[in-house]
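Please examine the sequence and the three-dimensional structure shown here.

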Amino acid sequence: MVVTIRHDATGNTETFLLGRRFGEGADLPVYSTLSPIGRAVLGARPGERRTAMIPHDTRPISMTLLSAVPYPGPTVAGRQAAL
């Protein structure tokens, strides 16, 4: 899934792939479903607010899920690569 969240403390948005297999050829960072942010957004619906504890940080981070759409696959020169 291509996930976009808003960090509630700053208002900054972040878009990433949620999963474990799509790192190669992706133009986005990949967060595992086992990562703190991945666990937090798993199962969320757009507009839902979630929190995550980041290792070595003393406070949780709060985020709002803006969107989650299927990952279309890696692209090569502007078109989807055959898998």
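The points that follow are grouped by topic, beginning with the basis of the model.

This is a predicted model, in which local features need pLDDT of at least 70 and side-chain atom pairs count only at pLDDT 80 or more, while totals for chains, interfaces and linings use all residues. Residues are numbered from 1 along each chain as its sequence is written, and side-chain values use heavy atoms, with hydrogens and water left out.

**Overall composition**

- The protein chain contains one helix and seven strands; helices (H or I, at least four residues) and strands (E, at least two) are DSSP runs, numbered from the N terminus.
- Along the sequence, these elements follow the pattern β-β-β-α-β-β-β-β.
- Of the 83 residues in the protein chain, 29% are buried; buried means under 20% relative accessible area, exposed over 50%, and partly exposed in between (1.4 Å probe, protein chains only).
- The accessible surface of the protein chain is about 5,600 Å², and carbon and sulfur atoms account for 55% of that surface; such areas come from the Shrake-Rupley method with a 1.4 Å probe, and for residues only the protein chains shown count as cover.
- Among contacts (heavy atoms within 4.5 Å) between residues at least 6 apart in sequence, 34% join residues at least 24 apart.

**The sheet**

- Five strands form an open sheet in the order β3-β2-β1-β5-β4, with mixed pairing; two strands pair if DSSP finds at least two bridges between them.
- Strands β3 (30–31) and β4 stand at the edges with a single partner strand each, so one side of each has no neighbour in the sheet.
- Strand β1 (residues 2–7) runs antiparallel to strand β5 (residues 61–69), and six bridges join the two.
- Within this pairing, Arg6 has Thr64 in β5 as its bridge partner, and His7 has Met63.
- Strand β4 (residues 49–52) is also antiparallel to β5, with four bridges between them; here Arg50 stands opposite Met63.

**The nonpolar core**

- The largest nonpolar core has 11 residues, including Val3, Phe16, Ile37 and Met63; such a core is a set of buried Ala, Val, Leu, Ile, Met, Phe, Trp, Tyr and Cys residues joined through side-chain atoms within 4.5 Å.
- Two or more residues of this core come from each of β1, β2 (13–18), α1 (36–41) and β5.
- Helix α1 gives the largest share, three residues.
- Beyond its neighbours within four places in sequence, Phe16 contacts several residues, among them Val3, Ile5, Ile37 and Val41.

**Two buried residues with polar contacts**

- His7 lies in strand β1 and is buried, with a relative accessible area of 19%.
- The side chains of His7 and Glu14 form a polar contact of 2.7 Å; a polar contact is a pair of N or O atoms within 3.5 Å, where within protein one must be able to donate a hydrogen and the other to accept it, and residues adjacent in sequence count only if both atoms are side-chain atoms.
- Not counting residues up to four places away in sequence, His7 touches Asn12, Glu14, Ile61 and Ser62.
- Ser35 is in the loop between β3 and α1 and is likewise buried, with a relative accessible area of 19%.
- A polar atom of the Ser35 side chain lies 3.0 Å from the backbone nitrogen of Gly38.
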